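Subject: Structure for your review

Dear colleague,

Please find below the structure that I am handing over to you. My findings follow it, arranged by topic.

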Amino acid sequence: MRAVVQRVSSASVEVEGRVVGAISEPGLLVLVGVTHTDTRAEAAKLAAKLWGLRILHGEKSCSDVSAPLLVISQFTLYGDARKGRRPTWQAAAPGAVAEPLVEAVVGELRGLGARVETGVFGADMKVALVNDGPITLVLDL
């Protein structure tokens, strides 16, 4: 699994002009990509990493201060543009594999006590955020 994690002051995601997920206080925006070999174990590991990642102000984690997370699926994290000008998406898992694993990350986070908002898997989403810092990390599991 791969995640792009951004510390944000606020963030939201719209689908067809309607806000489907939003956080209006400091927290994390997490874009999650899934590849063919990922499992529920990686989903649980990613959730634990996100919940305890100490990148909020004062080196705090979401678990320390009950900060919210906005989790959005993004298959393009496994795009490969090393050759040519058009990326390939071959490393991205198909929706039938990826969707349950993204849902597993969200479920694991909620099981840890996190407040989690989400996008809509496979939808054309418009993401807005106020990056705080800016702090952006790429996590590969």
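**The largest pocket**

Helix α3 gives the most to the lining of the largest pocket, with 3 residues. The model is a predicted one, in which local features need pLDDT of at least 70, side-chain atom pairs count only at pLDDT 80 or more, and totals for chains, interfaces and linings use all residues. Residues are numbered from 1 along each chain as its sequence is written, and side-chain values use heavy atoms, with hydrogens and water left out.

A pocket here is an open set of points on a 1 Å grid over the protein atoms alone, where a 1.4 Å probe fits, with protein on both sides within 12 Å along at least five of seven lines; lining residues have an atom within 4 Å of a point. The space in the largest pocket is about 330 Å³, a volume being the space filled by probe spheres set on the points, which are joined across faces, edges and corners. Its lining consists of 20 residues, and S73, Q74, F75, A123 and M125 are the ones nearest its centre. Two or more lining residues come from each of β3, β4, α3 and β6 (125-140). Helices (H or I, at least four residues) and strands (E, at least two) are DSSP runs, numbered from the N terminus.

**Helix α3**

The 18 residues of α3 should span 26 Å at 1.5 Å a residue, and the end C-alpha atoms are 25 Å apart, which agrees; the expected span is 1.5 Å times one less than the number of residues. Within α3, the residues A98, L101, V102, A104, V105, V106 and L109 are buried (buried means under 20% relative accessible area, exposed over 50%, partly exposed in between, with a 1.4 Å probe and protein chains only). Their cover includes β3 (27-33), α1 (40-52), β4 and β5 (116-118). G111 also lies in α3, yet G111 is exposed, with a relative accessible area of 66%. After the helix comes G113, whose phi is positive, near 105 degrees.

**An aromatic pair**

Rings of Phe, Tyr and Trp (its six-membered ring) pair if their centres lie within 6.5 Å; planes under 30 degrees apart count as stacked, over 60 as edge-to-face and the rest as tilted. The count by this rule is 1 aromatic pair. The ring centres of F75 and W89 are 5.4 Å apart and the planes stand at 75 degrees, so the pair is edge-to-face. Both F75 and W89 lie in the loop between β4 (69-73) and α3 (95-112), so the pair ties together parts that are 14 residues apart in sequence. F75 is partly exposed at 47% relative accessibility, and W89 is partly exposed at 38%.

**Q6 in strand β1**

Q6 belongs to strand β1 (residues 2-15) and is buried, at 14% relative accessibility. Its side chain makes a polar contact with that of T136 at 3.4 Å (a pair of N or O atoms within 3.5 Å; within protein, one must be able to donate a hydrogen and the other to accept it, and residues adjacent in sequence count only if both atoms are side-chain atoms).

**Backbone details**

The peptide bond from G133 to P134 is cis, with omega near -10 degrees, and P134 is placed in strand β6. E59, although not a glycine, has a positive phi of about 55 degrees; E59 is in the loop between α1 and α2 (62-65).

Yours sincerely

Conventions
Contact means heavy atoms within 4.5 Å.
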